[in-house]
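Here's a quick tour of the fold and a handful of its charged pairs. Have the viewer open as you read.

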There are 2 protein chains.
Amino acid sequence: MTAPAARRGRPRSEDADERILQAAHELLLQRGYDRFAMDEAAVRAGVAKTTLYRRWPTKDHLLVALVAKIQDEVPVADTGDVRRDLVVYLTAVAGGLNRMRRVGRTAGDDPSAGVVAELVAAAARHPDVGEAVRALFARRNTLPLALLDRARERGELRADSSSAVLFDQLAGALYYRLLVTGEPIGPAYVAELVDQVLAGAGTATPNPERT
Amino acid sequence: MTAPAARRGRPRSEDADERILQAAHELLLQRGYDRFAMDEAAVRAGVAKTTLYRRWPTKDHLLVALVAKIQDEVPVADTGDVRRDLVVYLTAVAGGLNRMRRVGRTAGDDPSAGVVAELVAAAARHPDVGEAVRALFARRNTLPLALLDRARERGELRADSSSAVLFDQLAGALYYRLLVTGEPIGPAYVAELVDQVLAGAGTATPNPERT
């Protein structure tokens with residue numbers, strides 16, 4: 001990640017990581033979570049099993065890293081129009097979640113959450129996986145949270161609003177539909193969600209201290 | 001559920017269901033999801049294993065029914081003040097989720113989601129469990145959704161707001177924290193969430209067609 005290393009090209013271990021994650025992604029799309037096998041991922045990536053297991057001791061650890069990589073490929077653009085930026089970003093997030101929902105499944109299967117649900121359960125079951133998942137989201141969410149902070153500085157968001165709560169309202173709605181109710185999270189839903197989150201649902205100021 | 005049956009007392013099968021769910025609840029609190037055993041639940045409830053398995057073929061099916069029972073014990077009061085009603089209801093929901101988070105765990109364990117996460121994964125893995133979970137939430141959520149519809153009729157909610165989207169923002173934020181980020185969902189958070197959902201985070205009307 002330092003400038004000299006970048007000039008010399010990436011270290012071999014980083015290349016191996018990249019190859020493993022690429023192979024894991026292809027394998028996940030074909031097999032789904034249940035039938036995803038670590039040994040097959042190593043063969044497909046062309047690395048020794050020991051290399052794979054030293055880096056990621058279980059399937060869950062590897063898949064957390066893969067989800068991190070997929071999330072990092074979703075851009076967070078700041079055009080100065082918070083509504084538009086949120087719709088674009090959340091539509092991309094929802095698209096990624098929908099692909100995860102379909103991973104390893106055939107048409108006609110139930111509209112469930114697949115990989116994300118398995119990771120959520122692994123995070124609850126194994127403290128180190130839980131820590132990795134929480135660190136992943138904490139790191140990743142700094143980008144949309146900074147977007148919201150800048151929108152507030154520009155005066156697009158109420159001075160007394162909380163970026164963290166706002167992001168929970170948005171991301172939470174998508175994950176709740178994905179993981180719990182199974183309702184669709186397409187572009188029309190995302191636009192309606194962003195509009196309602198920004199405009200508010202209430203007619204009265206609910207707390208006299210709020211301006 | 002009919003009046004004559006109620007006068008004669010509940011049928012035996014309903015008593016058995018009730019005893020099984022009570023025993024399952026106690027067992028879950030002691031053992032957690034991983035070490036919850038169907039056979040032990042049958043012994044503790046004083047029913048034959050065949051009775052238990054005929055009613056609920058797997059641990060996941062039994063635990064969906066148990067979560068339904070626990071949810072049904074959370075009252076949805078309508079006092080005519082939607083902010084207050086939402087804070088009371090969601091604080092109770094969050095309390096239930098926090099107890100689930102701790103189920104079967106000892107102090108010092110990671111702050112993960114436990115039973116709810118396992119059910120979410122089971123719902124994604126097994127189509128019939130998924131169907132049961134989605135039916136459970138669809139049935140249960142009719143109560144808070146009706147509360148929101150009545151508040152709109154009273155003029156407490158914007159005419160152009162959607163109860164479904166509003167509920168996703170509220171419940172979604174709680175489940176997102178529980179299942180993904182591991183952030184706390186205490187009473188102070190619930191109150192802040194409800195205020196921001198009602199007041200909105202934006203300063204401008206994001207869509208000219210909205211009033």
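## A pair within chain A

Lys49(A) counts as partly exposed, with a relative accessibility of 44%. This is a predicted model, by the way. The partner of Lys49(A) is Asp39(A), and the salt bridge between them has its closest N and O atoms 3.4 Å apart. Because Asp39(A) sits in helix H3 (residues 38-45) and Lys49(A) in helix H4 (residues 49-55), the pair ties together parts of chain A that are 10 residues apart in sequence. Asp39(A) is partly exposed too, at 32% relative accessibility.

## Across the chains

Asp168(A) and Arg177(B) meet through their side chains in a salt bridge, 2.8 Å from N to O. Asp168(A) belongs to helix H9 (residues 163-181) of chain A and Arg177(B) to helix H9 (residues 163-181) of chain B, so this pair joins two chains. Asp168(A) is buried at 6% relative accessible area, and Arg177(B) counts as buried at 10%.

## Chain B and a network

Over in chain B, Lys69(B) and Glu73(B) form a salt bridge, with 3.3 Å between the closest N and O atoms. Lys69(B) is buried, with a relative accessible area of 15%, whereas Glu73(B) is exposed at 52%. Back in chain A, salt bridges with shared partners link Asp78(A), Arg150(A), Arg154(A) and Glu156(A) into one network. Over all chains, the structure holds 32 salt bridges.

Chain A has 10 helices and zero strands. Of its 211 residues, 53% count as buried. The accessible surface of chain A is about 9,700 Å², with 56% of that belonging to carbon and sulfur atoms.

Conventions: Residues numbered from 1 in each chain as written. Chains lettered and ligands numbered in written order. Predicted model: local features only at pLDDT ≥ 70, side-chain atom pairs only at ≥ 80, totals over all residues. Heavy atoms only, no water. Helix = DSSP H or I, 4+ residues; strand = E, 2+ residues; numbered from the N terminus. Buried < 20%, exposed > 50% of the residue type's maximum accessible area, 1.4 Å probe, protein only. Areas by Shrake-Rupley, 256 points an atom, 1.4 Å probe, with all protein chains shown as cover. Salt bridge = Lys/Arg side-chain N within 4 Å of Asp/Glu carboxyl O.
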